Amino acid sequence: NVFYLIDEIKQDYGFSEQDRIELSCAVCSKEGPLGADGILFLLPSSKAQGRMRIFNSDGSEAEKCGNGLRCIGRYVMEALKEQEATIETMKASYLVKHVDDIYEQVYTVEILIDTIDFSVKALPLNYQEDVMLFKKLEDLSDAHNFSAVSITNPHLVAIVDSIDDQELKAIGMKANNNKQLLPKGTNVNFVKILDEDSIFVRTYERGVGLTPSCGTGITASSVVVALYNDKLLGRSLRVINEGGMISCTVHNNSKGDFQVKFMGNASYIS
């Protein structure tokens, strides 16, 4: 993803909520001179080293953004001259760490994501059961089995034999226009298993559309693949997308709670 970052700790710009919406739409428009997936606003926090708000290119605010969290984590760690920092998001706080470069001279950040919820109420999704794993959603598609996962933001994940962008876009648009089924919309992920250690993920991101990368989509997809094949639990999984590659390791504890170590780059561009 490409984000702009605005530091409101160093400088209080006095943005109103409407200012954030209008700024995100104007600056991030792919048809404009700049273009991006969203704006990361860094604000003071009473419980962490910083608070992240992420506004998408359509002006909507997301609960969380995994790739954005790595980027803002790097910025905060470098500002504090520390190797780790806690970043507050809309619904949870996360520890981010600077770890060994994933490739030479590629600044790498690791996040422990432990806010994984399979309850359909967490999305929310109007469904007849409390959990939906590998089931049809006829209102969206009769060709795929979907799993519902919240990473504090909503995801539907389908493991597919091949990825068709137009099909994914159509399902994503349908999901985000069906407020009876998904009152707050959702991100939709297609996952293709490449080999025993690698998957490819393509995401229709709520508020953005088809995107080169979605960090929470990668997280949700990794968890669903580990449920599909529990031999992948505790193993490093290469998650490839159009934007690059992320490393995820899915764990579950004795209580059945899932955690994902999510590791990838955070790079400045000019």
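**Figure 1. Strands β2 and β3 pair side by side.** In this predicted model, strand β2 (residues 38-43) and strand β3 run antiparallel and are joined by six bridges. Strands here are DSSP runs of E with at least two residues, helices are runs of H or I with at least four, and both are numbered from the N terminus. Two strands pair if DSSP finds at least two bridges between them. Phe-41 stands opposite Arg-53 in β3. The two strands make a hairpin, with six residues between them. Residues are numbered from 1 along each chain as its sequence is written. Because the model is predicted, local features need pLDDT of at least 70 and side-chain atom pairs pLDDT 80 or more, while totals for chains, interfaces and linings use all residues; side-chain values use heavy atoms, without hydrogens and water.

Figure 2. Which strand pairs with β3 in the parallel sense? Strand β5 (residues 84-88) does, over two bridges. Gly-50 has Ile-87 in β5 as its bridge partner. Strand β4 (residues 61-62) runs antiparallel to β3, and two bridges join them. Six of the seven residues of β3 (residues 50-56) are buried, so the strand is largely enclosed by the rest of the structure. Buried means under 20% relative accessible area, exposed means over 50%, and partly exposed lies in between (1.4 Å probe, protein chains only).

Figure 3. Rings of Phe, Tyr and Trp (its six-membered ring) pair if their centres lie within 6.5 Å. Planes under 30 degrees apart count as stacked, over 60 as edge-to-face, and the rest as tilted. Phe-118 and Phe-258 are edge-to-face, at 5.6 Å centre to centre and 80 degrees between the planes. Phe-118 lies in the loop between β7 (108-113) and β8 (135-137), and Phe-258 in strand β16 (residues 258-265), so this pair ties together parts that are 140 residues apart in sequence. Both Phe-118 and Phe-258 are buried.

**Figure 4. Phe-134 and Tyr-228 form a tilted pair.** Their ring centres are 6.0 Å apart and their planes are at 50 degrees, so the pair is tilted. Phe-134 lies in the loop between β7 and β8, and Tyr-228 in helix α4 (residues 215-228), so the pair ties together parts that are 94 residues apart in sequence. Are these residues buried or exposed? Phe-134 is partly exposed, with a relative accessible area of 31%. Tyr-228 is exposed, at 53%.

**Figure 5. Rings cluster, and charges sit over rings.** Ring pairs link Tyr-13, Phe-15, Phe-41 and Phe-55 into a cluster. Elsewhere, Lys-64 lies over the face of Tyr-94, at 3.9 Å from the ring centre. Arg-74 lies over the face of Tyr-107, at 4.1 Å from the ring centre. A charge sits over a ring if NZ of Lys or CZ of Arg is within 6 Å of the ring centre and within 35 degrees of the ring normal.

Figure 6. A pocket is an open set of points on a 1 Å grid over the protein atoms alone, with protein on both sides within 12 Å along at least five of seven lines. A cavity is a set of points where a 1.4 Å probe fits but cannot get out. Lining residues have an atom within 4 Å of a point. Points are joined across faces, edges and corners, and a volume is the space filled by probe spheres set on them. The largest pocket holds about 670 Å³ of space. Its lining has 26 residues, and Asn-1, Cys-71, Asn-265, Ala-266 and Ser-267 lie nearest its centre. Helix α2 gives the largest share of this lining, five residues. By class, the lining has 15 nonpolar, nine polar and two charged residues. Ala, Val, Leu, Ile, Met, Phe, Trp, Tyr, Cys and Pro count as nonpolar, Asp, Glu, Lys and Arg as charged, and the others, Gly among them, as polar.

**Figure 7. Two cavities are found.** Two cavities reach 30 Å³ or more. The largest cavity has a volume of about 80 Å³. Its lining includes Lys-64, Glu-205 and Arg-206. The second largest cavity has a volume of about 30 Å³. Strand β12 (residues 198-205) gives the largest share of its lining, three residues.
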